[in-house]
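Good morning, colleagues. Please turn to the sequence and the structure on the next slide.

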Amino acid sequence: MILAGVMIPRLAMFAPVICCVPSRRLQVVLTFDDGPNPESTRKVLATLGSFGAHATFFVLGEKARTAPEVLREIAAAGHEIGVHGDRHDRLLSLRHPDRIAFDVERAQGAVAAATGQRPRLFRPPLGHVSPRTALVARRLGLTLVGWSVRARDGLAGTTAAVALRRVVAGLRPGAIVLLHDAAERSQREPAGVAALPDILAEARRRGLRCVSLSQALAQEPSQ
Ligand SMILES: [Zn+2]
């Protein structure tokens, strides 16, 4: 049961993890992990821009340090940036809290150096949230973010058609969609990049606005 709590963020056993947003407004949040990558992230930015859509990017510190200009392009286009750890340590949730904090703060520092903004949103690698992750999130004032539907587009066997089908199956008001704008460790383009135009077209057909996480959580102005 403990392991299930670590592996399945929606159980939120150890800390509040945001896995969906209010559904009263017709909105969804597209999120992109494992970037930035100069080629595939820019393709994602171009597609989002052509639909007037906004998204939230969970970036890796080590990639941010090699492509800070891509981070600035993400921010300049009005998208939101959170962190996904520094080096995509798949065992991060099992590390000593000081080591988890070091990894996250290093990623925050990389984003701050590129954009001037220190992210407060954290999606742990693989979405794993342990009691230690929860402790560090509280200590650093981080908001933990999960998802309600994922394309599994980081897997080599996932085609664009399969990624599209998975996302569309969960594309309802309040959804948080997990996609990838870069492969975890290679230059391979995740299938979600090619599927994105069709995902955005389907969202539009269903009357769903694609907004950043903070936009989705913002209070509506009082009447
Ligand atoms: Zn990842």
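Predicted model: local features only at pLDDT ≥ 70, side-chain atom pairs only at ≥ 80, totals over all residues.

The largest nonpolar core comprises 65 residues. Those with the most contacts inside this core are V28, V29, V59, L71, V111, V177 and C210. Which element supplies the largest share of this core? That element is helix α8, residues 191–205, which contributes seven residues.

Let us take V177 from that list. Leaving aside residues up to four places away in sequence, V177 touches V28, V29, L30, T31, W147, V149 and V167.

I turn now to strand β2, which spans residues 27–33. How many of its seven residues are buried? Six of the seven are buried, and strand β2 is thus described as mostly covered.

Which strands pair with β2? With strand β8, residues 176–180, β2 pairs in the parallel sense over five bridges. Within β8, H180 stands opposite D33. With strand β9, residues 209–210, the pairing is again parallel, over two bridges. Here C210 of β9 lies opposite V28, and both V28 and C210 are among the core residues with the most contacts.

The pairing of β2 with strand β3, residues 55–59, is parallel over four bridges. In β3, F58 is the bridge partner of D33. Between β2 and β3 the chain passes through helix α2, residues 40–51, and this β-α-β crossover is right-handed.

Thank you for your attention.

Key
Residues numbered from 1 in each chain as written. Core = buried A, V, L, I, M, F, W, Y, C linked by C-beta atoms within 7 Å. Buried ≥ 20, exposed ≤ 12 C-beta atoms within 10 Å, placed from the backbone. Contact = placed C-beta atoms within 7 Å. Pairing = 2+ DSSP bridges. Right-handed = clockwise from strand over helix to strand, strands pointing away.
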